[in-house]
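User: Got a model here that I'd like to walk through with you. Can we take it a residue at a time?

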Amino acid sequence: MNTWSRFNIVSVVLGFAFLYLPIVLLVVFSFNESKLVTVWAGFSTKWYVSLFNNRGLMDAAWVTIRVALLSATVATVLGTMAALALTRYTRFRGRLLFSGMVYAPLVMPEVITGLSLLLLFVAIGLDRGFVTVTLAHITFSMCFVTVVVQSRLLSFDRSIEEAAMDLGATPVRTFLEVTLPVIAPAVLSGWMLALTLSLDDLVIASFTSGPGATTLPMKIYSQVRLGVTPEINAACTILIGLVAIGVIIASIMTKRREVQRQRDEQAAIAGR
């Protein structure tokens with residue numbers, strides 16, 4: 001039965017247009033010859049050249065990339081460990097408090113998170129800068145990694161681990177050679193999510209940044225208040241391209257792992 005009525009089609013088209021048409025216009029006008037971002041005057045790449053010559057934007061972009069890579073990597077390690085603790089050790093003292101602390105940033109407004117971290121850094125006398133921004137991003141992105149990895153661990157067949165340990169593998173070797181390859185797509189997805197959240201963050205970074213640690217979203221926001229320039233369109237287009245490439249690579253890797261897993265299962269069944 002065909003359930004695609006005219007109303008459904010129009011609703012889907014309008015919904016996708018509302019979401020993606022502004023992004024398409026931003027990308028198109030990043031190649032605009034004119035300095036006016038709303039008037040098309042011909043195709044040109046001069047604003048990309050101007051962007052790379054803009055020392056302020058490039059410094060902010062470099063800070064953002066370093067913070068995102070470091071915070072996403074550390075958050076992925078900590079989030080995976082937290083997911084293992086919540087999944088494998090269902091009964092331990094303080095589990096309820098631990099799970100509440102892990103999931104709190106998911107529901108807590110960013111303003112409260114940023115202000116709380118700011119007060120913490122001031123109380124311990126830690127100067128705001130690159131380190132504080134990185135710690136803040138690790139704090140709020142770790143919970144997202146935990147949720148993604150935990151959802152995969154809940155459906156994990158632990159008999160594979162038991163078989164590996166029965167054959168003499170240590171718990172560490174079992175995790176590295178058996179568990180981790182199976183949950184790798186979830187770990188990679190968590191890392192990509194943490195990276196994207198760090199690249200996108202403005203509120204928390206505004207509270208925890210300091211001199212020499214201005215992120216790209218903060219720099220763009222400060223310039224947009226004075227008017228949008230084609231350089232900002234070019235910077236946003238590059239970010240969109242990088243995120244799109246990362247998502248495509250992650251999807252391809254996940255698909256290949258799934259195909260390889262199915263082949264291994266079929267080979268194991270055929271060998272019985």
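User: Is Thr 215 buried or exposed?
Analyst: This is a predicted model, where local features need pLDDT of at least 70, side-chain atom pairs count only at pLDDT 80 or more, and totals for chains, interfaces and linings use all residues. Residues are numbered from 1 along each chain as its sequence is written, and side-chain values use heavy atoms, with hydrogens and water left out. The cut-offs are under 20% relative accessible area for buried, over 50% for exposed and partly exposed in between (1.4 Å probe, protein chains only). Thr 215 comes in at 3%, so call it buried.

User: Which residues does Thr 215 touch, beyond four places in sequence?
Analyst: Contact means heavy atoms within 4.5 Å. On that basis, Thr 215 touches Ala 60, Val 63, Thr 64, Val 133, Asp 201 and Ala 205.

User: And Val 147, what is its relative accessible area?
Analyst: Val 147 lies in helix H6 (residues 130–154). Leaving aside neighbours within four places in sequence, Val 147 is in contact with Tyr 103 and Leu 106. Val 147 still counts as partly exposed, because its relative accessible area is 36%.

User: How far apart are the C-alpha atoms of Val 147 and Val 182?
Analyst: Along the chain, Val 147 and Val 182 are 35 residues apart.

Conventions: Helix = DSSP H or I, 4+ residues; strand = E, 2+ residues; numbered from the N terminus.
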